[in-house]
Protein chains: 2
Amino acid sequence: MELRHLRYFVAVADARHFTRAAEALGIGQPPLSQQIQALERELGTALFTRLPRGVRLTAAGTAFYEDARRILRDAERAAERVRRVARGELGRLRVGMINSAPFHPLVPKVVREFRRQYPGVALTLEEGTTPGLAAAVRDDALDVAFVRPLLINEPGLRCDTLIDEDLVVAFPFGHTLAQRKTVPLLALSIEPFVLFPRSVGAGLYDEIVSACHSAGFSPRIVQETSQVTSIVNLVAAGLGVSIVPASMQQVHTEGVSYRPIRKPAPKARLSLIYRAADRDAPQLQKLQALTRRLAAADPPGRA
Amino acid sequence: MELRHLRYFVAVADARHFTRAAEALGIGQPPLSQQIQALERELGTALFTRLPRGVRLTAAGTAFYEDARRILRDAERAAERVRRVARGELGRLRVGMINSAPFHPLVPKVVREFRRQYPGVALTLEEGTTPGLAAAVRDDALDVAFVRPLLINEPGLRCDTLIDEDLVVAFPFGHTLAQRKTVPLLALSIEPFVLFPRSVGAGLYDEIVSACHSAGFSPRIVQETSQVTSIVNLVAAGLGVSIVPASMQQVHTEGVSYRPIRKPAPKARLSLIYRAADRDAPQLQKLQALTRRLAAADPPGRA
DNA sequence: GGCGAGCGATACGTCCAATATATGAAAGTC
DNA sequence: GACTTTCATATATTGGACGTATCGCTCGCC
């Protein structure tokens, strides 16, 4: 039995007439008769009672009619479903992001817009550290992640750079250096630093530390904390200064002021990582397209 | 898209291997590849990721897999359902019977046995008069009916005679003629008769009346009632005698005694009628077979 | 009651498409 | 690097779906 048999059967049942059904199907009447006969032979029973004028469904045919229609409808819907999955209108996308990502306006904007445009895609969000997220993507626990620079280049992972954000200095309230318009890095040489542990983001950590080295000093880290919001709070509490992505200025914490770093300022790159094998996955491509479009409207380097 | 494509797709998805799937399907590997390619072309997306060792389902393929299996299962179940309907194991049978039919042991036995053997067939029962039931069968309101003889031969209706039952005389308690072993019809010439109206069963009515005429008298009908049980009650009440099918002796009404009629005794035929067009209907054939079998075990002429 | 029209079945030829056979290409394995 | 595994491609073959012509049956019409 093939779907063709069901299509022909339904056509004849609807028309109650072989000749007219054949016309509707765009084939001749004899082949239609033959296909119906083949179906009846396979099912072991007549589906139609042949009358001098047209045909009538038998009891078996009546029973089969609804089933046949349902199967045909089901097959069409299944095909349509596949096409929608393939077009990325249906499915899922597991997104990871580092703690600081939500503060850059691009990331929440991308997520919000993706949800709006593709309501059929189940988008899940998860926070983590850059190395943790990279491992999750590699192990197929996530599909994509917004991360800071990776030191080691995982084979099988791809990385699109989204924005190259300036880093700024965070001062506690009343700090003398906060009166300047821009701060040369070397001015921070005697300052106590609050920073995140190297393990949660070696790439950005090294970027900051090596910038200090280039300026001629080694930062004196007095306090470590993983959460970027905690860093700002510790700065506000007066434990020290810090160097954070410019987008952190979004968080208007009482008692903290931010100042740009005098050129050459270190940068905090934000990238999108995903499995190279999935580079053609439609949801991923849609996310990339969306990110590019929104990043263009909201150029990098600014907060 | 044809069911073949789905069958092939499921085979490959199960085996995760074209060559092995082709073996399982009993076809060569190249045609299988081609059919899958054709399916992928029609759906507009790859269903498998080709790996160096075998294949893996894509997201679209995974989505399609369950649908494909359900459709195939559904198609098989629909075919099986049709076969069962055709075999008469599924469906309905609307049975009619005259009031007196339930008293002959054959009829309830047939109904009971049919219900037991074919629980998938919805059997409905309805009582009525012979002409009413015949009209119902003709108008497709019933499928079969147990009736007494029909006078007019409805075209399109068929009639199987089931049993040729003796008629007996019903006497009120203490009637002198009830002392005889058999009663000659002529002895009833002066008796008042209780009988059913001709309209509810002209065939049997005429059989009785013409038997009386043959014996040399016209029955003096003093009371008419349609329900055969009412006739017996009226005889018990002493309103007159009656002539009823021998099977009515099943009803042991207080104050009524039955006596055989001396030969030649009139007969009450019980027949099964059905539409000639439906003579091949499986439920009908099963009912006929069952009736024949049970009638043979319980021969006609006896009560 | 004969006759034409309508309709499905049958007969037969044609052509496409599903299959088989042979081979190629790519990647892994020893 | 030769060999194996596995899917894709190329070409030939065949079966089956379809088209054309015709038959057989039934009904309605004159």
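I take a helix to be a DSSP run of H or I with at least four residues, numbered from the N terminus, and its axis to be a line fitted to C-alpha atoms over the stretch in contact, with angles running from 0 to 180 degrees between N-to-C directions.

I note that this is a predicted model, in which local features need pLDDT of at least 70 and side-chain atom pairs count only at pLDDT 80 or more, while totals for chains, interfaces and linings use all residues. I number residues from 1 along each chain as its sequence is written, with chains lettered from A and ligands numbered from 1 in the order in which they are written.

**Entry: two helices of chain B.** I looked up α1 (residues 3-15) and α3 (residues 29-43) of chain B, whose axes come within 10 Å and cross at roughly 110°. That makes α1(B) roughly perpendicular to α3(B), a label for angles of 65 to 115 degrees. In contact, meaning C-beta atoms placed from the backbone and within 7 Å, I found residues of α1(B) including Tyr8(B) and Phe9(B), which meet a group in α3(B) including Leu32(B) and Ile36(B).

**Entry: DNA strand D.** I found 19 residues around DNA strand D, with Gly28(A), Pro30(A), Phe18(B), Pro30(B) and Ser33(B) the closest; a residue is near if its C-beta atom, placed from the backbone, lies within 6 Å. The largest share of this surface, five residues, comes from α3(A).

Terms used:
Angles under 35 degrees count as roughly parallel, over 145 as roughly antiparallel, 65 to 115 as roughly perpendicular and the rest as oblique. Two residues are in contact if their C-beta atoms, placed from the backbone, lie within 7 Å.
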